Amino acid sequence: MWFLQRVTAVFLIGVLAFHFFQLHFVEHAADIEFAGTQARMQQPFYFATMVLFLVAATFHGVNGVYNALINQGLDGRARTVVKWVLVLASLGLIVQGIRVAMAMAGVHIG
Amino acid sequence: MSADDETTTDDDTGVPGPHADRLARKEASNEGRGSAASDADRETVRFRIYRYNPDDEDRASPRYDDFHIPFERGMTVLDGLIYARDEFDPSLTFRHSCRQAICGSDALFINGRQRLACKTQVTDLSRPIQVEPLPHLDVKKDLVVEMEHFYEQMHAVEPYFNPDDEPVTATTERRQSPANHEHIKMSTRCIWCASCHSSCNIAAGDDDYLGPAAINMAYRFAMDEREGDRREDERYEIIKSEQGVWRCQTQFSCTEVCPKEIPLTEHIQELKRESVKRNLKFW
Amino acid sequence: MEEAYDRGVIEDFGRWREFSAGMWAWVFHKFTGWVLVGYLFVHIPVLSTALVGAETYTATIQGLESLPIVRVLEVGLLAVAVFHIMNGTRLLFIDLGIGLERQKVSFYASLLITAIIAVASVPTFISGVF
């Protein structure tokens with residue numbers, strides 16, 4: 001877990017910086033239209049990067065929160081409950097994020 | 001803890017303390033140096049000392065007492081405490097032994113930082129000098145804290161070589177290369193004073209965390225080339241357990257307060273990297 | 001002397017003036033981490049308007065971006081993200097055992113770079129709304 005947290009960190013440093021730069025300095029957020037988003041998301045590499053970005057960020061963030069709570073002395077039953085709530089929330093976020101990403105790219109399944 | 005609680009114990013007209021002889025000699029030597037100062041106009045240092053005594057109704061809730069200690073060149077905080085106890089209040093309780101930063105018994109919270117009282121010069125501190133027991137350890141009386149949990153953590157890493165591992169013959173030497181000695185040298189300097197443990201935010205929040213001192217102790221053996229492979233594996237099981245190195249958040253608090261200047265954070269980080277390597281090999 | 005007195009950990013935060021650089025780095029890193037996770041969990045629902053339709057998506061984003069408060073918060077978000085990135089890089093180097101003796105300087109550098117980037121980005125974020 002500790003190692004995964006570092007690996008995702010390395011990835012996120014690059015992608016988060018790129019994400020901010022792309023969507024606030026290259027394209028201004030205020031000028032965003034669905035067409036532009038779709039154009040970007042239809043590039044396979046960009047699409048893959050964004051999905052990976054979502055998964056890595058969710059893991060890194062939720063794992064960070066979980067560790068912070070453990071360091072506050074969370075244990076026993078409460079810890080098990082918190083763990084599964086966080087896992088479900090993460091999975092929910094990732095599933096929803098991928099649905100959104102597919103809608104943006106114009107891919108429809110079912 | 002308000003100013004009202006301050007007890008100024010200025011009168012030293014009482015019975016001569018056990019160190020009367022020593023003090024008389026000191027005074028004589030002061031005069032020898034040509035200082036005409038009498039006790040009345042000698043420079044004093046105000047010590048603000050944490051007091052607590054569960055057996056005394058008067059002190060059952062913690063407060064701070066003020067002591068005005070005559071200043072002397074080269075005076076340490078421990079000298080001040082000893083003077084306060086011997087001359088003003090024999091009930092003032094604190095641990096001390098060797099007075100030379102070897103025994104590790106007088107680690108205290110002095111002016112908001114963990115320091116050894118015997119190694120801390122009064123002239124290096126701003127005044128008044130506030131002396132409190134180590135934070136995050138339970139106080140037993142005045143400046144004395146409960147160390148049992150700290151010792152338990154130290155013993156949890158089994159700080160010894162394999163006791164069953166007998167030398168091949170009675171004359172077999174177990175040699176350590178100079179390079180390996182250099183590697184672990186700093187980690188062997190630990191005096192079990194608990195300064196680092198007291199400064200660690202994570203150890204404070206969770207008693208299960210081994211803490212910097214115990215991990216450094218594990219490092220001292222894990223990195224020693226004389227440790228056998230099987231023993232080393234067992235030790236890494238403790239080091240990379242949930243309560244081991246992963247809990248460290250690299251705040252550097254321990255490294256900053258260590259009176260023996262052990263690079264604790266560096267040692268913990270080295271063990272993290274070694275543990276990751278071992279885990280990856282396993283997979 | 002059986003019952004030992006537990007002073008608790010509350011005094012820790014009362015002593016914030018005595019915190020060292022490494023401690024502040026930890027406090028800031030944790031705080032910015034919470035903000036970023038919180039943002040992630042809001043960001044995805046906002047983008048979810050794309051599931052409804054192209055027009056809703058465009059309208060939502062442009063609607064939000066036309067609010068001055070959103071622009072100001074975005075500068076804050078950028079500062080938080082940059083600090084988390086800079087201090088995260090610092091922590092990665094510390095994990096690799098590089099520059100441990102310069103950990104204070106690298107923390108101050110993280111703060112300085114964050115401040116410079118945040119200030120420099122203000123015109124970009126504010127343009128067209130005030």
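Partly exposed here means a relative accessible area between the buried limit, under 20%, and the exposed limit, over 50%. I keep that in mind for each residue below. The model I am reading is a predicted one.

**Entry: chain B overall**
I looked up the make-up of chain B and found 10 helices and 7 strands. Of its 283 residues, 49% count as buried. The chain exposes about 14000 Å², with carbon and sulfur atoms supplying 47% of that area. I also checked contacts between residues at least 6 apart in sequence: 67% of those in chain B join residues at least 24 apart.

**Entry: nonpolar cores**
Which residues have the most contacts inside the largest nonpolar core? I found B:Phe47, B:Leu81, B:Val131 and B:Leu271, in a core of 75 residues. Helix α7 of chain B (residues 212–222) gives the largest share, 8 residues. Domain 1 (3–145) and domain 2 (148–282) of chain B each supply at least three residues to this core. A second, separate core has 36 residues, including A:Ile94 and C:Leu47. I then listed the contacts of B:Leu271, leaving aside neighbours within four places in sequence; among them are B:Ile215, B:Tyr219 and B:Val245.

**Entry: salt bridges**
I counted 26 salt bridges over all chains. In one of them, B:Asp206 pairs with B:Arg247, the closest N and O atoms being 3.0 Å apart. B:Asp206 sits in the loop between α6 and α7 of chain B and B:Arg247 in the loop between α8 and α9, so the pair ties together parts 41 residues apart in sequence. Are these two buried or exposed? B:Asp206 is buried at 10% relative accessibility, and B:Arg247 is buried at 6%.

Next I went to helix α8. B:Arg230 and B:Glu234 meet in a salt bridge at 2.7 Å, N to O. They are 4 residues apart in α8 of chain B, which means a separation of about one helical turn. B:Arg230 is exposed at 52%, and B:Glu234 is partly exposed at 36%.

B:Arg278 forms a salt bridge with B:Asp233, with 3.0 Å between the closest N and O atoms. B:Arg278 lies in helix α10 and B:Asp233 in helix α8 of chain B, so this pair links parts 45 residues apart in sequence. B:Asp233, at 39%, counts as partly exposed. B:Arg278 is partly exposed at 21%.

I also noted a salt-bridge network that links B:Arg51, B:Arg59, B:Arg63, B:Asp65, B:Asp89 and B:Asp142.

**Entry: surface patch**
A:Met1, A:Phe3, A:Leu4, A:Val7 and B:Leu280 make a nonpolar surface patch of about 490 Å². Helix α1 of chain A (residues 2–26) gives its largest share, 3 residues. A:Met1 is in the segment before α1 and is exposed at 66%.

Methods:
Residues are numbered from 1 along each chain as its sequence is written. Chains are lettered from A and ligands numbered from 1 in the order in which they are written. This is a predicted model: local features need pLDDT of at least 70, side-chain atom pairs count only at pLDDT 80 or more; totals for chains, interfaces and linings use all residues. Side-chain values use heavy atoms; hydrogens and water are left out. A nonpolar core is a set of buried Ala, Val, Leu, Ile, Met, Phe, Trp, Tyr and Cys residues joined through side-chain atoms within 4.5 Å. Buried means under 20% relative accessible area, exposed over 50%, partly exposed in between (1.4 Å probe, protein chains only). Helices (H or I, at least four residues) and strands (E, at least two) are DSSP runs, numbered from the N terminus. Domain bounds come from an automatic or database domain assignment. Contact means heavy atoms within 4.5 Å. Patches are made of residues with over 30% relative accessible area and no salt bridge: like charges are joined within 9 Å, nonpolar side chains (Val, Leu, Ile, Met, Phe, Trp, Tyr) within 5 Å. Accessible areas come from the Shrake-Rupley method with a 1.4 Å probe; for residues, only the protein chains shown count as cover. A salt bridge is a side-chain nitrogen of Lys or Arg within 4 Å of a carboxyl oxygen of Asp or Glu.
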